[in-house]
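Subject: Structure handover

Hi there,

Here is the structure I promised to pass on. Have a look at it first, and then read on for my notes on the aromatic rings.

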Amino acid sequence: MAGGSSSILVLVAMVVLTLDQTSLQVSAWLGGTVYLRITNQLEPSNAIVTVHCKSGDDDLGDHLVALGETYKFTFKNNSWDTTLFFCNFDWVSSSLGKSVSGTIDIYKAKRDQERCVHHCNWLILETGLYSYTLRTKFWENLYSWPQ
């Protein structure tokens, strides 16, 4: 019986170590809800942004996001770590004197499970779209508006 107990102990230790190494990927399917927030901070334009997000399964439609407001939605990450949401952004920049638009992958499972895990936060700024990265503890510009 002592040999059987030590074999089980070794097996449990291996599983724990494996889960520890892949904890970010495992977290997606163990508690797979992702909370995504996009906040308009377009100063000095004070522009209202039209945000339209989609995935392969869902079209979330147009949402108008005024300065200081946040558009938020939740979804479940799939077990294969292939969940993808992309969003189109349209607004008129008074400081640039023109319409601005762009499309970005707002959530890519393989990229974002490490970067933001279950709480992905984005800021819409005049210079681009910034997202908070847990690893660096900084807001990083992940998309610059086309010139």
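A residue is called buried here if its relative accessible area is under 20%, exposed if over 50%, and partly exposed in between, with a 1.4 Å probe and protein chains only. F89 is buried by that cut-off, because its relative accessible area is 0%.

Please keep in mind that this is a predicted model, so local features need pLDDT of at least 70 and side-chain atom pairs count only at pLDDT 80 or more, while totals for chains, interfaces and linings use all residues. Residues are numbered from 1 along each chain as its sequence is written, and side-chain values use heavy atoms, leaving out hydrogens and water.

Now to the rings. Those of Phe, Tyr and Trp (its six-membered ring) pair if their centres lie within 6.5 Å; planes under 30 degrees apart are stacked, over 60 edge-to-face, and the rest tilted. That rule gives nine aromatic pairs.

One of them is F75 with Y107, edge-to-face at 5.0 Å centre to centre and 70° between the planes. The two sit 32 residues apart, F75 in strand β4 (residues 70–76) and Y107 in strand β6 (residues 98–108); strands are DSSP runs (E, at least two residues) numbered from the N terminus. F75 is buried at 9%, and Y107 is buried at 0%.

F89 pairs with W145: the ring centres are 6.1 Å apart and the planes at 70°, so this pair is edge-to-face. F89 lies in strand β5 (residues 84–93) and W145 in the segment after β9 (138–143), 56 residues apart. W145 is buried too, with a relative accessible area of 6%.

Finally, ring pairs join Y71, F73, F75, F85 and Y107 into a cluster.

Best wishes

How values were computed: Helices (H or I, at least four residues) and strands (E, at least two) are DSSP runs, numbered from the N terminus.
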